[in-house]
Amino acid sequence: MTCGGCAASVKRILENQPQVSSASVNLTTETAVIWPVPEVKDSPHWEKQLGQTLANHLTQCGFASSLRESGRDNIFMVFERKMEEKHNRLKESGRNLVFSWALCAVCLLGHISHFFGAKASWIHAFHTTQFHLSLCLFTLLGPGRQLILDGMKSLVKGAPNMNTLVGLGALSSFTVSSLAALIPKLGWKTFFEEPVMLIAFVLLGRNLEQRAKIRAASDMTGLLSILPSKARLVVDGDTQELGSTVEIPCSSLSIGDEIIVLPGDRVPADGVVKSGRSIVDESSFTGEPLPVTKLPGSQVAAGTINLNGTLTVEVRRPGGETAMGDIVRLVEEAQGREAPVQQLADKVSGHFTYGVMALSAATFLFWSQFGSRILPAAFYHGSSVSLALQLSCSVLVIACPCALGLATPTAMLVGTSLGATKGLLLRGGNILEKFAMVDTVVFDKTGTLTVGKPIVTKVLATPRYETNVDSQINSHGIHSENEILKFAAAVESNTVHPVGKAIVEAARAVNGQNLKVVEGTFMEEPGSGAVAAVENKIISVGTLDWIQRHGVVVNNFREMDDLKAQSVVYVGIDNILAGLIYYEDGIREDASHVVDTLSRQGINTYMLSGDKRSNAEYVASLVGIPKEKVQSGVKPHEKKKFISELQENRNIVAMVGDGINDAAALATADIGIAMGGGVGAASEVSPIVLMGNRLSQLLDALELSKLTMKTVKQNLWWAFGYNIVGIPIAAGVLLPITGTILTPSIAGALMGLSSIGVMANSLLLRLRFSQNRKKSLEDQQKER
């Protein structure tokens, strides 16, 4: 595909197939994604069969296509192959560019020698019509041949593109000049130099555009380049001796393999540290500049740098299954999703080429019929037909559907790739556009505004429980408190909730974690609690409502006044309220800055929590969220309902969460944002993932979304404005007023510059984002 017209034609061809419901075509990444009709999915292996059928059909229509391999192991090879193809096209374009500009230089030499009045006869030969005719033929049959052939084939197949316009302009100029040279009595002007310079300028623009496309994908190339090609595999179980390792390609690693990672090495696969201690630089993966200490049991990600110690790592996710592979794949999928703002450009591009050809024909008819009546003879050298032909060629050449086709996808490509390098996973152009319009942000409390690593501060046994156990053991209540913690830990060891992990850690600290849940009795309700049988007792742990639902009788009990600001978990043993476990969770250091920044931008902030009201309001007060915008004691379905109510009031809502109990609300919100440290359910349903697990990345994502959409709008204004202004000037609107005329070669140069302008503006997104991010960090430091 060479322009927006090509992309529109591919989309039209695909959507005209009965098996296809809709299609999305990306000019920048040269990929197409289709959504089939439901009936197609009934047949086995439908994806491969349908993909191959559509690829063959596109190839027959003039757009060489192949089925994209979707396997995890192929993600890196596919990306590398695509980049290699782009580099090969760039080299071929470079050769044609050098050839065309050499011919153009010879052509210009003749004009310059004539201008300075050179007397030598051999120099005079450079200015003859015959010499310019031969140069023109060399250009059309040499560097311009492929461009013209592609344009004519597309025209014959009913899918004209930018090459069609350039080819028609070059061939028309050559034909008119040839007739003028062969039949002098027509009185037409020859301009053989125009096709020579036209092809040279078009190829220059095409070459620069290809370079810009490769540059736009450089962020993704950078992500892939951080993955090492080889790994040191432990072959005989002796991890102390380097002689017991062998270097193998990373693609040959399997789950369960043990590898050695030396200081300075990049980790070759996702895994778990089996032995060793080191600090690891994860900035390429999370965007977090500070290194992280890794001990046995710690997880490490492929592409991160081991700084100062030797680690033995057990491979868990090799090759294309690594987290980095997931990021590359998700970013590529995101770049294939169109932003709604692109739809207008797609509609225009689809009919653009036909419209330009019609305008060119109208230009010729107008100036050939009325040119002699409007202009003095000096303008058209005695023949208005010659002038009409020249102006109609200029109209063909100056029009640029390419700028329209590149306006949105290039900015989206840079935006999503840039986000990936900063630890932001943005799943599509539609997400960027929607997030830029958000006016309400709803935060979960635990793990989002707080660190998500609560610590047990106090275990309180109720008097009723103490009287039901041996008084000699519990004279001071100490053993009963440990026993409560031990039973609660047995249940919570089966959960992934941060509070559950805190209870397990507290029990381990007092050597209390040695009880097991009876198999098949564990049950959990996200946002409420868990229950299981332990040593023939029914242990329920969670909210007060949860344990009451499981038969616990709650009589009057009194919480400790000095712990009312802390969160509490209730523990029931059989039908007795045995005790309360108090815990607290530190506030994220950037939480108040994020809330304050959002408020200053006019964005409403809310907080949802399943915790009791006193604790929820206490956390909200620390981060700057008003009490009236705090919802406490809410269940997962109530979070979802609250989001829906905000949307009913025409708010565009973003929800920030980290756990399973947030998944429904994240899916309901216009934009779901998952903290990178959260569990899979939150990340799976969220179109934005903060991989660095820092709340301040929310501001980065918002800033990047706004800058990307601003760039898209600038590109579209430029693309539409250029064609709206350029085409009438090329058609000769200013000729009667100012005498201004655009020759086909000048029109070709302007056409190339229009595409380059769009690409350059998209690439400047990196600079704008870096400057804004730097300013934001400076403001944050001043606040501290």
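This is a predicted model: local features need pLDDT of at least 70, side-chain atom pairs count only at pLDDT 80 or more; totals for chains, interfaces and linings use all residues.
Me: Which elements hold the lowest and highest confidence in the chain?
Reply: Helix H13 (residues 377-380) is lowest, at a mean of 52. Strand E20 (residues 604-608) is highest, at 93. The chain averages 79, and 79% of the residues score at least 70.

Me: What makes a run of residues a helix or a strand here?
Reply: Both are DSSP runs, numbered from the N terminus: helices are H or I over at least four residues, strands are E over at least two. The chain has 29 helices and 24 strands.

Me: Why is strand E13 (residues 440-444) called largely enclosed?
Reply: Five of its five residues are buried, so the rest of the structure largely encloses E13. Buried means under 20% relative accessible area, exposed means over 50%, and partly exposed lies in between (1.4 Å probe, protein chains only). Both faces are covered: Thr440, Val442 and Asp444 are buried on one side, Val441 and Phe443 on the other. Across the chain of 784 residues, 53% count as buried.

Me: How do you know which strands E13 pairs with?
Reply: Two strands pair if DSSP finds at least two bridges between them. E13 and E20 are joined by five bridges and run parallel. There, Asp444 has Leu608 as its bridge partner. E13 also pairs with strand E22 (residues 653-657) in the parallel sense, over four bridges. Val441 stands opposite Ala654 in E22. Both counts meet the cut-off.

Me: What makes E22 and strand E23 (residues 671-675) a pair?
Reply: Four bridges join them, and they run parallel. Met655 has Gly672 in E23 as its bridge partner.

Me: Which strands form the open sheet, and in what order?
Reply: Seven strands, in the order E12-E24-E23-E22-E13-E20-E21, with mixed pairing. Strand E12 (424-426) and strand E21 (630-631) stand at the edges. Each has a single partner strand, so one side of each is left without a neighbour in the sheet.

Me: What makes a group of residues a nonpolar core?
Reply: The members are buried Ala, Val, Leu, Ile, Met, Phe, Trp, Tyr and Cys residues joined through side-chain atoms within 4.5 Å. The largest such core has 46 residues, and Phe435, Phe443 and Leu698 have the most contacts inside it. Helix H27 (residues 697-730) gives the most to this core, with nine residues.

Me: Why is this core placed between domain 2 and domain 4?
Reply: Domain 2 (85-222 + 367-411 + 712-769) and domain 4 (420-450 + 588-704) both give residues to the core, so it lies between them. The bounds come from an automatic or database domain assignment.

Me: Which residues does Leu698 touch?
Reply: Phe435, Val441, Phe443, Val594, Leu598, Val656, Ile673 and Leu690, not counting residues up to four places away in sequence. Another core, of 43 residues, lies apart from this one; among them are Cys104, Leu140, Met197 and Leu203.

Me: Why is Asp700 called buried?
Reply: Asp700 has 13% relative accessibility, and therefore counts as buried. Asp700 is in H27. Beyond its neighbours within four places in sequence, Asp700 contacts Leu424, Phe769 and Arg773.

Me: Why does Thr139 count as buried?
Reply: Its relative accessibility is 1%, so Thr139 counts as buried. Thr139 is in helix H5 (residues 129-141). Leaving aside neighbours within four places, its contacts are Leu103, Gly144, Arg145, Pro195, Val196 and Ile199.

Me: Why is Asn56 called partly exposed?
Reply: Its relative accessible area is 39%, so Asn56 is partly exposed. Asn56 is in helix H2 (residues 46-60).

Terms used
Residues are numbered from 1 along each chain as its sequence is written. Side-chain values use heavy atoms; hydrogens and water are left out. Contact means heavy atoms within 4.5 Å. pLDDT is the predictor's confidence in each residue, from 0 to 100.
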